[in-house]
Amino acid sequence: MLNFNTTKALSTLMNPDKILPVAMIEVACTGGRTYNGYKRGGKVEGRERLREETTGAVFWLFGVKVLNKIGDFIGNKIGIKNLDVDLGKDELRAPFLNNVKEGANKTIAFKFAKVASSAAIATFFLGFVLPKINQKITELSRSREENSSVQSASDTSNLSKSTNAYENSNGQSVIPLGAAASLYPSMDSFMQSAREQNISFKGASAVADFLSTAAYNLENKTAWRLMSTDVGMIAGRVVNSRNKVEGFEFLFRDTTSIYFYLFATQHVMSLLNKATGNTPIHPDSLEVFKNHLTNSMGDKKYSTEEFKKNAKETPSGVSDILAKIKFKKDVTSLSEFNSVTGDLYKEKALKMSQLQPKMLGESILSKQQVVDVLSSGWNTDPEFIKKALDAGTYGAASNPKKFVTRKTVEGIRDSIDNFTQNLVKYASDKGIKEIDAKFVQNFAKRTTNMNFAFRALGMLVSCLGIAFLIPKIQYKLTELRTGSKEFPGTKNYSDENK
């Protein structure tokens, strides 16, 4: 019998390093758009959509990683160090600043060049090369169908030219496929020059900061990666379209798809969680928290008030202590905290400061962590919080080379308090007077199941939007605009319809 692990499945869907979530959407996109294309334009449009979507999906699933590995290989060969250290930084974490002392500016410049080059290749290939190859294949296929005789040698020559250089029927020049490599800056030459000239950002730290932030975002943030390529890709598809009607379809389809790729799933989840009062919490963090709670509770039963007090109790004088501590962007040093509090919380504060690596050799605490140190209860135990953060970030939170945003870390910590609050509310609404370990386990399972269902529904909405809703609207707009239901890629329009 199949034993479905909801926690593991949801964790996989939430993991940005996993291919499966992207693959599921891309498969739906390819199937839906191919089907809709076939319904409208028959084999010609169906085949074009299949080639376009399949190639694009393969590129996003594997091509970007391959380009990244190629870039790292080149970097290692020419002596660029610390390519495995993240460039992102905020008040709590700055792995590159804390770990890299020599050759930092060269590494930053190289990593920026690498991700910028990858974006340029993606833009060029998907926006300029692939559309022309697709169109030429359609052109040759239609010619073969119209002429039963075998094509002459000149057709073979034309096919060859489709991947080199040719002009379309409107006289537009097409960039050679072989030139794609030229868009990937010669990192070898670039970095050799940098090595010889000893490029430095002295006196221009703002430039280094910009390149560092941009490189990290382009490497790690989905929205940045998508937008860095989509603008150029969409422009390329529009420019290389066979007529203005087809160009409008590309523009509408690809711009509206951004919402379903980036936001739809999260919006659906947020709406459903608010409507049901469910806690949005990472399943791996919740698993750690559930075990922590049940171990802490043992066989004892707690009233709802007792459970709340044991989960977290913040003394009334905390605000006065916070007012005395010197914070900079809600972060203070461990030494400052101990000085203000007279070392009363020294041991707990030290453990809490270890939730993140030292900043330039100094232990630090966020205001959220200070409140936890001053508070008591199951939720405020530093050793447990560290495990929960590591689980919710797939080990990145405690890795000195990895950057995890403060927003992510504090979001996981807040979700722990929200879970206990919602647990107490659920028990009260159900008329349950006492909470035991079994109740906690069942509520945790219920929470994870609901989060899995909401994410699955959100992904379904994204898939349906990309694969069916957008094509339907796209085709209807073309029909209203031209009065024709035909595939615009192979139809000749009168001047007034262009």
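Which residues touch the most other members of the largest nonpolar core? Hi everyone, let me answer that with this predicted model. The core in question has 41 residues, and the ones touching the most other members are Phe307, Phe337, Phe419, Leu423 and Ile435. Helix H18, residues 406-429, gives the most to this core, with 7 residues. Apart from it lies another core of 12 residues, including Leu87, Val100, Val115 and Leu211.

Let's zoom in on Phe307. Leaving aside residues up to four places away in sequence, Phe307 touches Leu293, Met297, Tyr302, Trp378, Thr420, Leu423, Val424, Ile435 and Val440.

The axes of H12, residues 304-311, and H18 come within 10 Å and cross at roughly 180°. With angles over 145 degrees counting as roughly antiparallel, H12 and H18 are therefore roughly antiparallel to each other. From H12, Thr304, Phe307, Lys308 and Ala311 meet Thr420, Leu423, Val424, Ala427 and Ser428 of H18. The residues of this contact divide into 5 nonpolar, 3 polar and 1 charged.

A quick stop at helix H16, residues 367-374: is this helix mostly covered or mostly exposed? Mostly covered, with 7 of its 8 residues buried. The buried ones are Gln368, Gln369, Val370, Val371, Asp372, Val373 and Leu374.

Now for the charges, where the count comes to 29 salt bridges. I'd like to show you three of them. In one, the side chains of Glu53 and Arg33 meet at 3.2 Å, N to O, and both residues are buried. In another, Glu52 pairs with Arg253, with the closest N and O atoms 2.9 Å apart. Glu52 sits in helix H2 and Arg253 in helix H9, residues 244-262, so this pair ties together parts that are 201 residues apart in sequence. Glu52 is buried at 5% relative accessibility, and Arg253 is buried at 2%.

Elsewhere, salt bridges that share partners join Arg33, Glu48, Arg49, Glu52, Glu53, Arg237, Arg242, Glu246, Arg253 and Asp254 into one network.

Thr30 is buried, with a relative accessible area of 11%. Again leaving aside residues up to four places away in sequence, Thr30 touches Leu50, Glu53, Thr54 and Ala57. Thanks, everyone!

Notes
Residues numbered from 1 in each chain as written. Predicted model: local features only at pLDDT ≥ 70, side-chain atom pairs only at ≥ 80, totals over all residues. Heavy atoms only, no water. Core = buried A, V, L, I, M, F, W, Y, C linked by side-chain atoms within 4.5 Å. Buried < 20%, exposed > 50% of the residue type's maximum accessible area, 1.4 Å probe, protein only. Helix = DSSP H or I, 4+ residues; strand = E, 2+ residues; numbered from the N terminus. Contact = heavy atoms within 4.5 Å. Axes fitted to C-alpha atoms, helices over the stretch in contact; angles between N-to-C directions. Parallel < 35°, antiparallel > 145°, perpendicular 65-115°, else oblique. Nonpolar A, V, L, I, M, F, W, Y, C, P; charged D, E, K, R; others polar. Salt bridge = Lys/Arg side-chain N within 4 Å of Asp/Glu carboxyl O.
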